[in-house]
Amino acid sequence: MKRKNLYSAAFGTLFLTSGAIAISAPGHTAIHKSSLVSKYSYEIAQSTVNTAAIEASVFEQINQYRASQGLAALTRNSAIDTQARTHSKNMASGQVPFGHNGFQQRVQATGISYSAAAENVAYNQGVSDPATAAVQGWLKSSGHLANIKGNYNLTGIGVASNSQGRIYFTQIFLRSK
């Protein structure tokens, strides 16, 4: 299912997409796959990009939201971070289209034995707080929110920017065995 909404403003944009794949082990066969695309815009100027700080902020905000819902905190995992970061860099450079192409391969490349996996991606431009804009957009979207609230225990976050000032986000969620 794809849903597209467009709200425009003068200077900034935020694009989100969510995908979830429930996986049954050991063959890691996809049972359920969903995708939701939403577009929002914000009118705020863009400044310099510190991707490590943005990643840390996304992680903190997601866990704060989970705590507010009585859910266990996610643990950040460096192998998942690496896959998320690579996907964001590839989207930012145009090597892959914005979206979830290669999701199952990213999850398998972590080397983590898992029973469920999901992914949220976004990009924005021209916002003063890109992490908050991405997280708030995800929280307003049922597909993204389902991933955030899902029965996962591990996460990885990757952020990359391109020469046009777009900031790309990938957050991968895993339920380890």
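Here is a short chat about the salt bridges and confidence of this predicted model.

Q: Hi! What is the average pLDDT of the protein?
A: The protein averages a pLDDT (the predictor's confidence in each residue, from 0 to 100) of 80, and 73% of the residues score at least 70. In this predicted model, local features need pLDDT of at least 70 and side-chain atom pairs count only at pLDDT 80 or more, while totals for chains, interfaces and linings use all residues. Residues are numbered from 1 along each chain as its sequence is written, and side-chain values use heavy atoms, leaving out hydrogens and water.

Q: Okay, new topic: how many salt bridges does the structure hold?
A: There are four, a salt bridge being a side-chain nitrogen of Lys or Arg within 4 Å of a carboxyl oxygen of Asp or Glu. One of them joins Glu 55 to Arg 76, with the closest N and O atoms 3.0 Å apart.

Q: Where do Glu 55 and Arg 76 lie?
A: Glu 55 is in helix α1 (residues 51–68) and Arg 76 in strand β3 (residues 75–76), so their pairing ties together parts 21 residues apart in sequence. Helices (H or I, at least four residues) and strands (E, at least two) are DSSP runs, numbered from the N terminus.

Q: And what does Arg 85 pair with?
A: Arg 85 forms a salt bridge with Glu 55, the closest N and O atoms being 2.8 Å apart. Arg 85 sits in helix α2 (residues 78–93) and Glu 55 in helix α1, so this pair ties together parts 30 residues apart in sequence.

Q: Which residues are linked in a network?
A: Salt bridges link Glu 55, Arg 76, Asp 81 and Arg 85.
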